[in-house]
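I opened my notebook to record, entry by entry, what I looked up in this structure.

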Amino acid sequence: MTYQLGIDTGGTYTDAVVVNEDRQVVAKNKSLTTAYDLTVGIGNAISSLPEELLASVNLVSLSTTLSTNSVVEGRGAPVSVLLPGYNESQVLKSGIYDILDRDLVNLLEGGHDAMGVEQVALDLARAREVILSQAEKVSAFAVSSMFGTRNTAHEIALRDMIIELTGKPVACGHELASSLGAPRRALTAALNARMILHIQRLINSVEEILERRSIHAPLMIVKGDGSLVNARTALLQPVATVLSGPAASVIGACALSGLRDGIVVDIGGTTTDIAIVTDGQPELCEDGARIGDWQPMVEALRVFSIGLGGDSEVRFRNGLAISQRRVVPMSLLAHEHPEVISRLERQWAAAPNPRNNRFALRLQHNEVLVGQLGEAETVAWELLQEGPVDIDALADRNRGIMRAIARLERLGLAIYSGFTPSDATHVLGMSDHWNRYAAELAARIWARQMRHLYGCGNWTAGDPVGPSRQVFDLVVREISEKLIEAGLNQHGRLVDSRSRGLTRLLADIVLLQDEAKQVKPLFELNFAQNYPIIAVGGPAADYFPEVARTLDVKLELPEHADTANAIGAVLGAVVQMAHITVTQPEFGIYLLFHRDQPLRFDSLEAALSRARDLALMEAENLARSAGADVVETRIREDANHVRHDIDGEFFVSSTVTAIATGRPGNKGTGAK
């Protein structure tokens, strides 16, 4: 018998499972993710799996929430963006300035029009100057040209120049999105470039472990739409993996529960991800899934991904709030570094201040960023190598280094600790895998902080249970609200601003129905009566019994729910698509847009026939390059017609999509 190995690397835990030919879990293990050196956590997760099973593995498949987390938290490697033909208003609209320094975003002469005709010659001299000046400051480049989907010539010319001059990775807009919409395509290319380093580190770590253990099997990665690609393809388009973990969890949850209808909710350390499954099929979000505050042009499962997890920081923001920022739970910090307990005891014995519960640790190693650190940041970076740094104690002896550590945290090189929902569940006795005493100390310190510094809370002094219960209830409330919002957005008919306001109103009605039973209501609201919640993820068993009770819905907590992502990672297939657009810019003239030049036809059927042939060939080649063995293809056409009083029905455009599907072959291509 042969087996498949699924690995999921999340912000807190790395899971490994072995699945047999009947898709049954025969072995599994969890280990803490070691962000600074991923090989340690991955190696620990695999090390306790039976050797005889690993020797018979014929496929390794990987899912990860690292990409999702980096987008939600606003972290990523520094990249340079080249935008031929763009103007300043389009760049502002894209949101790129929210994730990159302005001096790394470069507008160039160039670009095409909607017909694929060059508007302005590409300024290669200026491009060369920009590339050379920024090469040492960035980890990768992104290129998006105006109407680059209609003519790829300028993007390809810049890509070739960047590779020749720097050898660094390049993300091109036309390779990531086929639809128009220059600002979002530019943002998608920039996000893709920022993630290359994350995915590269992950793939290299997994390959190193597999080589060390003599596991010679193709390595696949889950994309955001639930399909698989090999490691080499994932390196070219890492943005496609931005919802890898959530997609794998949906597939795993459906397989483990056996249900065809349900609301799959995966709660991890950094995010909670929600997807609705009907008749066994999760809905695809072809216009781009929303991740935190962003919506890149990436086909993915329709997943609502929010910055709320077991490791989210609980802070004051006009009252208690769950922050999108992930921190190290105090219970976990003391579990790995017991010496911090004595420092917590000293903090409890002293007067409260905003730096309580705050320790700093190294998070990841980025050679480009580390190489650009100033003198103070370099000293701080070296200090963090010695272990957790007590920020409260540091404030008394060296505020300059304290501020330097804050800059390292903003760069994503360091991470703080703090009081989290995971600490609250340890205090309440729901969790016991880390240090409960440290969680209780942190809860006392945090509650005193809230009361004395912000005037928030009325808990009994020194009681860790009361504040922990309030944090638990706050998480339940926020998850419940997001489930209601997901229901409102099921058919995509509400804009974000309207859905948020309506969500709060409906949540108040639904969640307060129990408390208002003494008043006879004019109407009652029932939520998801035909859709049970299928809850997966490490903290699922802590929170979702209460969420289900609050919303009065059925709950499924499948066996192996804590490793659903790793299980789902090995159950997918390779799916690749090729999109080709045909338009009629003037009566009787049909243009087919493919690569660097539009093709002209006098007949619509001739144009569509050529588009089908090109799309089928391209999709099949993509699927085989992505690791598929036997490939099946099909065609989908989305035509746009208008009704004219004289000419009748008038063809405007059509998008021909070829879809190629296949299971990974035993000779799948890796990243090397």
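In which strand is L228 found? I found L228 in strand 10 (residues 228–230), where helices (H or I, at least four residues) and strands (E, at least two) are DSSP runs numbered from the N terminus. I note that this is a predicted model, in which local features need pLDDT of at least 70 and side-chain atom pairs count only at pLDDT 80 or more, while totals for chains, interfaces and linings use all residues. Residues are numbered from 1 along each chain as its sequence is written, and side-chain values use heavy atoms, with hydrogens and water left out.

**Entry: L228**

Leaving aside neighbours within four places in sequence, L228 is in contact (heavy atoms within 4.5 Å) with residues including S61, M220, V222, A569, G572, V574 and R663.

**Entry: the whole chain**

I counted 23 helices and 29 strands in the chain. Of its 672 residues, 57% count as buried. Among contacts between residues at least 6 apart in sequence, 69% join residues at least 24 apart.

**Entry: the nonpolar cores**

A nonpolar core is a set of buried Ala, Val, Leu, Ile, Met, Phe, Trp, Tyr and Cys residues joined through side-chain atoms within 4.5 Å. Which residues touch the most other members of the largest nonpolar core? I found that L5 and V60 do, out of the 72 residues in this core. Helix 23 (residues 604–625) gives the core its largest share, 7 residues. Another core lies apart from it and has 60 residues, among them L32, A439, I479 and F527. Returning to V60, and leaving aside its neighbours within four places in sequence, I found contacts with L5, I7, L210, I215, A217, P218, L219 and M220.

**Entry: pairs of helices**

Two packed helices are described by the angle between their axes and the distance between the axes. The axes are lines fitted to C-alpha atoms, for helices over the stretch in contact, and the angles run from 0 to 180 degrees between N-to-C directions.

I first looked up helix 14 (residues 375–384) and helix 16 (residues 399–411), which pack at an angle of about 85° with their axes 8 Å apart. Helix 14 and helix 16 are therefore roughly perpendicular to each other, since angles under 35 degrees count as roughly parallel, over 145 as roughly antiparallel, 65 to 115 as roughly perpendicular and the rest as oblique. Their contact is made by residues including A376, W381 and L384 of helix 14 and I401, A404 and L408 of helix 16.

I next looked up helix 19 (residues 465–488) and helix 21 (residues 540–551), whose axes come within 9 Å and cross at roughly 60°. Helix 19 and helix 21 are therefore oblique to each other. Among the residues that make this contact are F472, I479 and L483 of helix 19 and Y543, F544 and V547 of helix 21.

For helix 1 (residues 38–47) and helix 8 (residues 182–212), I noted axes that come within 9 Å and cross at roughly 45°. Helix 1 and helix 8 are therefore oblique to each other as well.

S422 lies in helix 17 (residues 421–427), and it is buried, with a relative accessible area of 11%. Not counting residues up to four places away in sequence, S422 touches G310, D311, P329, W434 and Y543.

Is N458 buried or exposed? At 67% relative accessibility, N458 counts as exposed, and its place is the loop between helix 18 (436–454) and helix 19.

I also noted N357, which has a positive phi, near 65°, in a residue other than glycine. N357 sits in the loop between helix 12 (340–349) and strand 20 (359–362), and it is buried, with a relative accessible area of 3%.

Conventions: Buried means under 20% relative accessible area, exposed over 50%, partly exposed in between (1.4 Å probe, protein chains only).
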